[in-house]
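Visitor: I have a structure on the screen and would like to talk it through. Could we begin with the terms and then go to the details?

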Amino acid sequence: MKCFINDDLALSRPPEGPVASYIVPFAEWLGDRGYGLVSMRNQVLLAAGFSKWLGQKGIELSDISGDHPGRYLLDRAQRPKLGDTAALRHLLGVGARI
């Protein structure tokens, strides 16, 4: 079942994990700052993967620290891209403002 993030962006399944509820506001934040669709899609996918990873590791929302984005990026099979850490920190910042 698809999960629509906005009119132009959908995920193949609803996000899961402790920051799943931050993903739509994060996408809106990216759009408000003029990010293009490809960049927004990549960052939303990164955010969804991070949230799922947190859930798999049993990390609760209240236990997320500034170290978790870096640990997630090291655990991923993909090589981190420039800006991945910043994107995850922005996700957590958006979530803190909700």
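Guide: A residue is called buried when its relative accessible area is under 20%, and exposed when that area is over 50%. Please keep in mind that this is a predicted model.

Visitor: Then take tryptophan 53: buried or exposed?

Guide: Tryptophan 53 has a relative accessible area of 7%. The limit for buried is under 20%, so tryptophan 53 is buried.

Visitor: Where is tryptophan 53 placed?

Guide: Tryptophan 53 is in helix α2.

Visitor: And which residues is tryptophan 53 in contact with, leaving aside neighbours within four places in sequence?

Guide: On that basis, tryptophan 53 is in contact with Ile59, His68, Arg71, Tyr72 and Asp75. Tyr72 also belongs with Trp53 and Phe50 to one aromatic cluster.

Visitor: Which other residues of α2 are buried?

Guide: Besides Trp53, the buried residues of α2 are Met40, Gln43, Val44, Leu46, Ala47, Ala48, Phe50, Ser51 and Leu54.

Visitor: What do the buried residues of α2 pack against?

Guide: They pack against β2 (10-11), α1 (23-32), α3 (68-75) and α4 (84-96).

Visitor: How does the span of α2 compare with what it should be at 1.5 Å a residue?

Guide: Helix α2 runs over residues 37-56, and its 20 residues should span 28 Å. The C-alpha atoms at its ends are 28 Å apart, so the two values agree. After α2 comes glycine 58, which has a positive phi near 75°.

Visitor: On to the core. How many residues has the largest nonpolar core?

Guide: The largest nonpolar core has 28 residues, and those with the most contacts inside it are Ile5, Val19, Val44, Phe50 and Leu91. Each of α1, α2, α3 and α4 supplies at least two residues of this core. Helix α2 gives the most, with eight residues. As background, nonpolar side chains tend to be buried together in soluble globular proteins.

Visitor: What does valine 19 touch, not counting residues up to four places away?

Guide: Valine 19 touches Phe50, Ser51, Leu54, Leu61, Ile64, Leu91 and Leu92. Of these, Phe50, Ser51 and Leu54 are among the buried residues of α2, while Leu91 and Leu92 are among those of α4.

Visitor: Which residues of α4 are buried, then?

Guide: In α4 they are Asp84, Ala87, Leu88, Leu91, Leu92, Val94 and Gly95. These residues cover an arc of only 160° around the axis, and therefore lie on the same side of α4. What covers them includes α1, α2 and α3.

Visitor: Changing topic: how many salt bridges does a search of the whole structure find?

Guide: It finds two salt bridges. Lysine 57 forms one with aspartate 75, where the closest N and O atoms are 3.7 Å apart. This pair links distant parts of the chain, since lysine 57 is in the loop between α2 and α3 and aspartate 75 is in helix α3, 18 residues apart. Aspartate 75 has 47% relative accessibility and so counts as partly exposed.

Visitor: And arginine 76 with aspartate 84: what is the distance there, N to O?

Guide: The closest N and O atoms of the salt bridge between arginine 76 and aspartate 84 are 3.2 Å apart. Both of these residues are buried.

Visitor: What about aromatic pairs: how many does the structure hold?

Guide: The structure holds four aromatic pairs. One of them, formed by phenylalanine 26 and tryptophan 29, is stacked, at 6.3 Å centre to centre with 15° between the planes. Both residues lie in helix α1, three residues apart, or about one turn of the helix. Phenylalanine 26 is buried at a relative accessible area of 0%, and tryptophan 29 is buried at 12%.

Visitor: Finally, alanine 27: buried or exposed?

Guide: Alanine 27, which is also found in helix α1, has 3% relative accessibility and so counts as buried. Not counting residues up to four places away in sequence, alanine 27 touches Ile5, Met40 and Val44. Its C-alpha atom is separated by 20 Å from that of glycine 55, which is 28 residues away along the chain.

Methods: Residues are numbered from 1 along each chain as its sequence is written. This is a predicted model: local features need pLDDT of at least 70, side-chain atom pairs count only at pLDDT 80 or more; totals for chains, interfaces and linings use all residues. Side-chain values use heavy atoms; hydrogens and water are left out. Helices (H or I, at least four residues) and strands (E, at least two) are DSSP runs, numbered from the N terminus. The expected span of a helix is 1.5 Å times one less than its number of residues. Buried means under 20% relative accessible area, exposed over 50%, partly exposed in between (1.4 Å probe, protein chains only). Contact means heavy atoms within 4.5 Å. A nonpolar core is a set of buried Ala, Val, Leu, Ile, Met, Phe, Trp, Tyr and Cys residues joined through side-chain atoms within 4.5 Å. The arc is that of the directions from the helix axis to the C-beta atoms. Rings of Phe, Tyr and Trp (its six-membered ring) pair if their centres lie within 6.5 Å; planes under 30 degrees apart count as stacked, over 60 as edge-to-face and the rest as tilted. A salt bridge is a side-chain nitrogen of Lys or Arg within 4 Å of a carboxyl oxygen of Asp or Glu.
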